[in-house]
Amino acid sequence: MPMNRPTAVALAAALCLLTAACDDSSSDVGSRAESTESAAAGTGYPVTLDNCGQKQTFEKAPSRVVVMNGASVAEVSTLLALGLGDRIVANQQKYGMSEVAGRTEAIKKLPTGDVRLNDAYDIPRESMIGLRPDLVLSVTTYGFDQKNGFATREQLRKAGANTYVSPQGCHDDPSKMTITDSYRLLRDMGKIFGVGDRAEKLIAASEKNIAAVANKVRDEKKPKVMVLFSNMSMGSNDFSSVVANGIVNDILAKAGGTNAFEDTARTTFADLSKEKVAATDVDALVVIGYNDPDPAAYAKKLLKEFPQWPAAENNTYVTLSDSMYLGPSNDLAVERVAKMLHPDAF
């Protein structure tokens with residue numbers, strides 16, 4: 001379904017959605033940012049992170065966390081995966097579907113802060129300050145932009161709140177994102193909340209699962225895969241929600257596939273005509289459901305519309321949701337896609 005511009009912009013920036021992120025004037029600070037811990041403090045605090053060029057120091061684990069929307073579920077899913085749901089006083093991220101059993105229900109149960117959202121479907125400045133957060137999470141810097149009616153990072157600092165922009169969110173450019181960024185988000189939250197051991201266990205399990213899948217499909221032919229959001233318009237052409245770059249390509253590579261439309265754009269999304277799509281060989285289809293209750297119906301519609309595709313001849317498609325972009329569950333997407341592309345390897 002078509003999305004209004006604020007939501008579409010936030011989604012594109014988040015995908016991330018589908019963030020290692022923050023830059024200073026000369027290098028990728030996010031990729032090399034490290035926390036400093038006080039050996040004298042038995043709890044490991046204070047902890048300092050350099051996030052988008054700003055130092056954020058935590059004297060203790062946050063207890064009043066606000067999660068901004070950004071058309072993402074990466075941040076709230078990461079907190080839940082780390083067992084930190086009880087720290088959230090207001091969550092605006094929701095997706096309606098997940099590859100992880102119970103996650104959708106867990107997100108629905110979180111408090112929203114009972115705030116009236118602005119035109120960007122997120123928490124305006126006055127309401128944010130009124131929530132008295134000690135940590136605010138945003139997918140990108142968009143969530144701290146004064147022009148959009150949001151509280152700035154400086155305003156929140158003065159109100160007693162630290163802030164965090166997720167990987168690749170510093171420049172709102174998820175086109176360079178990889179699975180490593182999902183691990184970065186886990187590690188940073190682990191440091192901030194003093195649960196680094198939990199974060200490392202989740203990362204190790206994910207890496208082990210992905211390595212096992214990648215090993216099984218290592219010598220297989222790499223089919224060309226089309227990845228797009230179902231029933232969503234984000235541009236001027238018929239196919240404006242086709243993913244060209246970002247974390248999706250890393251997932252496809254580890255699953256033994258390639259992106260059929262990787263060369264059609266430098267940005268995260270390609271805005272393609274029906275003719276361009278029809279002229280491209282598509283061996284398999286990955287449909288990401290976002291606020292669409294039946295993405296499988298959309299996949300079947302596409303396969304019927306383009307019967308010349310090898311994907312249509314073999315009915316090769318899979319529907320996924322939150323595991324396909326930034327978040328703690330990329331290993332599930334790698335496995336599901338790999339089993340679709342190379343069923344005989346499993």
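## Strands β6 and β7

In β7, Asn162 is the bridge partner of Leu135. Strands β6 and β7 pair in the parallel sense over 4 bridges, where pairing requires that DSSP find at least two bridges between two strands. Helices (H or I, at least four residues) and strands (E, at least two) are DSSP runs, numbered from the N terminus. Both faces of β7 are covered: Asn162 and Tyr164 on one side, and Thr163 and Val165 on the other, are all buried. Buried denotes under 20% relative accessible area, exposed over 50%, and partly exposed the range in between (1.4 Å probe, protein chains only).

## Basis of the model

This is a predicted model, in which local features need pLDDT of at least 70 and side-chain atom pairs count only at pLDDT 80 or more, while totals for chains, interfaces and linings use all residues. Residues are numbered from 1 along each chain as its sequence is written, and side-chain values use heavy atoms, with hydrogens and water left out.

## Disulfide

The structure has 1 disulfide, defined as a pair of cysteine sulfur atoms within 2.5 Å. It joins Cys52 to Cys170, with an S to S distance of 2.0 Å. The pair links distant parts of the chain, 118 residues apart: Cys52 is in the loop between β2 (47-51) and β3 (54-58), and Cys170 is in the loop between β7 (162-165) and α7 (179-193).

The torsion about the S-S bond of Cys52 and Cys170 is about -85°, so the disulfide is left-handed. Both Cys52 and Cys170 are buried.

## Aromatic pairs

A search of the whole structure finds 6 aromatic pairs. Rings of Phe, Tyr and Trp (its six-membered ring) pair if their centres lie within 6.5 Å; planes under 30 degrees apart count as stacked, over 60 as edge-to-face and the rest as tilted. The ring centres of Phe229 and Phe269 are 5.9 Å apart and the planes are at 50°, so this pair is tilted. Phe229 lies in strand β8 (residues 224-229) and Phe269 in strand β11 (residues 269-272), so the pair ties together parts that are 40 residues apart in sequence. Phe229 and Phe269 are buried.

For Phe306 and Trp309, the centres are 4.6 Å apart and the planes at 15°, so the pair is stacked. Phe306 and Trp309 are likewise buried. Tyr95, Tyr290 and Tyr325 form one aromatic cluster.

## Helix α3 and Asn91

Helix α3 (residues 74-81) is mostly covered, with 6 of its 8 residues buried: Ala74, Glu75, Val76, Ser77, Thr78 and Leu79. Their cover includes β4 (65-67), β5 (88-91), α4 (103-108), β6 (135-138) and α7. Just after α3, Gly83 takes a positive phi of about 75°.

Asn91 is found in strand β5 and, at 5% relative accessibility, counts as buried. Contact means heavy atoms within 4.5 Å; not counting residues up to four places away in sequence, Asn91 touches Val67, Val76, Ile107, Leu110, Pro111 and Thr112. A polar atom of the Asn91 side chain lies 2.8 Å from the backbone oxygen of Gln93.

## Helix α13

Helix α13 (residues 330-341) has 12 residues and reaches 17 Å from its first C-alpha to its last, close to the 16 Å expected at 1.5 Å a residue. The expected span is 1.5 Å times one less than the number of residues. The buried residues in α13 include Asn330, Asp331, Ala333, Val334, Val337, Ala338, Met340 and Leu341. Among the elements that cover the buried residues of α13 are α7, α8 (196-216), β8, α9 (247-254), β12 (284-288) and β13 (317-320).

Technical notes
Polar contact = N/O pair within 3.5 Å; in protein donor to acceptor, adjacent residues only side chain to side chain.
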